[in-house]
Amino acid sequence: MRRSLVTLVAFIALAAWAGAQGPPPPLPAATQAKLFKNNRKLLENLVNHGIELAKADSPLRRAEECRKTAKTLANSMERAAEDQDPDRVAELARLMGDVVREGLVPNLNAAQLEIKPGDPLAPQLVKVRELATDDLISLPARIPTDGKVGDSQKVKDAIAVIQALQGSLGKP
Amino acid sequence: MNCQSIQNKILILPDPRVLPDALRDHIAGCEVCQTWAKQAARLDTLLQQLPVPPAPGNKKATVVDDLTRGNPVIIRPLAIPARKSFAGSALKFLDQNKTVIGGLAAAVLVVLGGWSLLTPSGTPPVGVAETPEHPFLKMIVQRDLALAKAKKPVERLQIFGGLAEDLSTEARSLARVASPEELWDVAQWFDNVVKDGVVNQARNMPADTLTLSAQRERKTELDALAGKLSDMAAKTEKMTGEVPPDAKAALQKIVDSARAGEKKLREMANAG
Amino acid sequence: MIRETDPTLPNEEAEWIRAAQSGDRDGFNRLVERYWDRLYRWLYRMTRDRHTAEDLTQETFLKALGAVQSFRPGSNFRAWVFRIGHNNFVNQKRSERRTKHQLPEDAAAPDVGGVEITTENREALEVIHQAVADLPDDFRSALLLRVEEGLSFREVAKILGTTEETARWRVFKARQKLMKVLSPELLPPGATAGETT
C-alpha cells in the first residue's frame, strides 16, 4: 500500500514536471481574437516586410529592410504606450530587440565586409547605419518614463536591451 | 540628423516659435522642415487664441466679496462623495474581533501555502490583469528574421511555405471569432505570401541552371511544398462548412490561393 | 474674459502670500484676482463645461485658502493652485459622468485686450478647439499648461504629479496628434498645400 502511494506520488510529480516542459496551452478564442485585433495593422506590415526581405538581394538591402521592420515595431510600441499597455510595450520591445540583434546587425556587418571605402554603395551603408542609430537613440523619448508604462520593470528591461544594441551597430 | 528627427525635436521644444541654432541650420536648407516649423509655430499661436466662454455664475465675485468683507466663505460644495477614513474604521474592527480574525488569518495562510505548492511558478498573481503575449505575432517576426538570414532561394521557399501554413492555421483559428474584415485581411496576406513569396522564390530556382542532382532536389522541394499547399487547401475547405456565412468568403479565398499556388509549383516541378 | 498678460512681480506676490498666511484675507483676495481666470480657462478646457469649470475653480481656491498655511514661501504659488485644481478635476471626473457642451456660437468670449482674431484664424480655431477637446486628458492638460499658461515643463510636471520628462513627452504627443489632424488648418492664411513660404 505504502509502495503504491509512493509510486503514485512520484508519478504525479513526474507528470507535473513533464507538463511544465511542454508548449503553453492555446489561448482562449476570445483572447486570440482580441490580440489579433490589436496587432492587425502590425501583422500586415510584418508580412509585407517579409516579402520585401526575400526580394532584397544583398546584405545592405536586407539591413535596410530589417531597419524598417524594427521601426514598424517601434511605432507600434509607441501606440501601445499611448494605450497605457505596459505588457504590450514590453513584448514589442523584445521583438524589436530580436530584429535588431538577429537581422539588422548581422546584415550590416556583412555589408560592411562587402562594401569598401570608395565603393558607390558606401554612402548608402553609412546612411542605413545612421538611420538605425537614430531610431535606437530616439526610442526612449517615444516611451514615457513613469506612470503605468514607464514604471513597469518589464518595459525598462526591454528598452535597456535595445539601447545596449546601439554599440553593435558600429559607427556611422 | 534626418528630417523626422528634426521635426520631432521641433515639437518637443518649449516653444516652436523659438528655434535653437542647432535646428535652424537644417531648417534653413530644408523646405519640408521649414513648412513643418511654420505649422508648429502657427499651432502654438492658435492654441493661445482659443476663446473661452465666460463663467455662467458669479462665483468669483462671491468669493472675492466674502473675502473682502471678512465673512465666512460659505459655498455649495460640489457633489463629490466624501472619502471616509477607511483606516480608522478598519483598525477599530480588527481590535474588537482579534481572536476570530487571528484564526481566519491562520486558516488562509494554510490554504495559500498549499495552493502555492500546487501551482506552477511564474503564474501571475490572481487578480492582476496582464496582456498576454501574442504567439502568432512572434511567429511572424521569427519568419521575417529567418528571411533576413536566408541566403538561397530554396531556404526562402521553405520559409514562405511555413509562413503560408502559419497564416492558414491562424485563419482557421479565427474563423469563428474574428470579424469578416479581419479574416479577409488574413486571406489577402496568405494570397500575397503564396504569389509573391512561394511562387516567386520557386521562379528563382530555374531547373536549366542546375546540375541533375540539384534538379532532382528542386523537384522534391517543389513537390513537397505543393503537397503542403494542397493540405492547407483541404483543411481550410473542410472548415468552410462549419463557420458563419461571413467567414466563408475569406476561407474560400485561402483555398483558391492555395490550390492556385499548388498548381503553379507542380507545373514548375514537372517542367524541370 | 480678460487674459492676464502682465507679468507677475515676484516681490508683490510674495507679499500677498505672506499676508494671506498671517490671516490677512485681502492678501488672498489678490491671489484669487490674479489666478482665478487662468485656472477657470484651464479647467474649462479640461472639463469642456463652463458650470463644472467654475465650480471646480471655486472649490480649488477655497481649498487653497484652507491650506495656505502649508504653502512653502518661495515656491511657485501658481503651480500649487493649479495642482489643487488638477486634483479636484481628477476627483470630479471619477465621481461624475462628464457631459460635453459644444461651444455655442454666441458664447465666444470677446477679445478684450487680447489678440485680434482674423476670419481665417476664426475658422482654424473652431477646428482646433474640437481637436484639442478630442485629445486624451493627460496630453491636453500638459499641452495647455505649457502653451496657454506658459509654464515650464518642470512646473507642468509638478502640477500633474509626474516627471519633467513625461510632461515634455505629453506635450510632444499632443502637438504630434494635432499636427496630424490639423495640417490643412495650420498653413499660413493664403497659402496652399505644397507651397513653400
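Mentor: A nonpolar core is a set of buried Ala, Val, Leu, Ile, Met, Phe, Trp, Tyr and Cys residues joined through side-chain atoms within 4.5 Å, where buried means under 20% relative accessible area with a 1.4 Å probe, protein chains only. This is a predicted model, in which local features need pLDDT of at least 70 and side-chain atom pairs count only at pLDDT 80 or more, while totals for chains, interfaces and linings use all residues. Residues are numbered from 1 along each chain as its sequence is written, chains are lettered from A in the order in which they are written, and side-chain values use heavy atoms, without hydrogens and water.

Trainee: Which residues have the most contacts inside the largest nonpolar core?

Mentor: They are A:Met77, A:Met96 and B:Phe190, in a core of 90 residues. Helix H4 of chain A, residues 86-114, gives the most to this core, with 12 residues; helices here are DSSP runs of H or I, at least four residues, numbered from the N terminus.

Trainee: What is A:Met77 in contact with, leaving aside its neighbours within four places in sequence?

Mentor: Contact means heavy atoms within 4.5 Å, and the partners of A:Met77 include A:Val89, A:Leu92, A:Met96 and A:Ile159.

Trainee: How many salt bridges are there between chain B and chain A?

Mentor: A salt bridge is a side-chain nitrogen of Lys or Arg within 4 Å of a carboxyl oxygen of Asp or Glu, and the count between these chains is 4. In the one formed by A:Arg94 with B:Glu133, the closest N and O atoms are 2.3 Å apart. The contact as a whole takes 37 residues from chain B and 39 residues from chain A.

Technical notes
Buried < 20%, exposed > 50% of the residue type's maximum accessible area, 1.4 Å probe, protein only. Helix = DSSP H or I, 4+ residues; strand = E, 2+ residues; numbered from the N terminus.
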